[in-house]
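This report describes how two neighbouring elements of a protein chain are arranged. Please view the sequence and the structure below before reading on.

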Amino acid sequence: DIIPQPLLDQYLSMTDPARAQTVDTEIAKHCAYSLPGVALTLGRQNWHCLKDTYETLASDVQWKVRRTLAFSIHELAVILGDQLTAADLVPIFNGFLKDLDEVRIGVLKHLYDFLKLLHADKRREYLYQLQEFVVTDNSRNWRFRYELAEQLILILELYNPNDVYDYLRHIALTLCSDKVSEVRWISFKLVVAILQKFYANNANALGLNFINELVVRFRHCSKWVGRQAFAFICQVGMFSLCVSMCTFH
């Protein structure tokens, strides 16, 4: 009743390998690109019409097809709602997390947008997997680590101070010692955001422990780049404090 059945059938047939060989080699990618729009048009009550097609595309041998889905999975989650997302999208999301970097970057760029849609217990399961984003297929792909730091700054609000201290703190410290200065700089902002998280939630003991760790690791580092990192962290921290005070007044 929403769109003509022949039109929907034509769309669903785009995943047929024979069509890729005789019509257009990029047809599966086009299908993946437009899928969120089709899902929005049909509505979540008709998701069953698209579910099999989505799973077929998510396992397509072409990484460009999987990459396209990875970049839009957070939008599809909004359309489907929390129950269908947990049942049908989370398994595919987990598969993308273990895929090629070209696919993983799609979920990484919108990691916060996807995680915030999950229930707290399901969201907490990903704390163990965030560390895996530090490792990439190509170590020269520094933008991947930069994106991770940016996302973690947003993700801090989704977890309690203890979880931040136990899991995200280690990632932040690792990124602060990255070989690429751009990654280190955004990581200094992440460190300051973690400290703000602790003190905003009255987790003063965690904040003090973290500060002591920063002093030992960077202030007393034998290499100048470590001591420089400590100075930059202080700089970012003071700037954030000044902005907060100006906003308050």
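A crossing is left-handed if the near helix is turned anticlockwise from the far one by less than a right angle, and right-handed if clockwise. Helices (H or I, at least four residues) and strands (E, at least two) are DSSP runs, numbered from the N terminus. The model is predicted: local features need pLDDT of at least 70, side-chain atom pairs count only at pLDDT 80 or more, and totals for chains, interfaces and linings use all residues. Residues are numbered from 1 along each chain as its sequence is written, and side-chain values use heavy atoms, without hydrogens and water.

The chain has 13 helices and zero strands. Of its 249 residues, 44% count as buried, that is, under 20% relative accessible area with a 1.4 Å probe, protein chains only.

H9 passes H10 in a left-handed crossing. The angle here is about 140°, and the axes lie 11 Å apart. H9 and H10 are therefore oblique to each other; angles under 35 degrees count as roughly parallel, over 145 as roughly antiparallel, 65 to 115 as roughly perpendicular and the rest as oblique.

Residues in contact have heavy atoms within 4.5 Å. The table lists those that meet between the two helices.

| Helix | Residues that meet the other helix |
|---|---|
| H9 (residues 142-155) | Arg-145, Leu-148, Ala-149, Leu-152 |
| H10 (residues 161-176) | Leu-168, Ile-171, Leu-175 |

The buried residues of H9 include Phe-144, Glu-147 and Ile-155. Among the elements that cover the buried residues of H9 are H6, H7, H10 and H11.

Terms used. Axes fitted to C-alpha atoms, helices over the stretch in contact; angles between N-to-C directions. Buried < 20%, exposed > 50% of the residue type's maximum accessible area, 1.4 Å probe, protein only.
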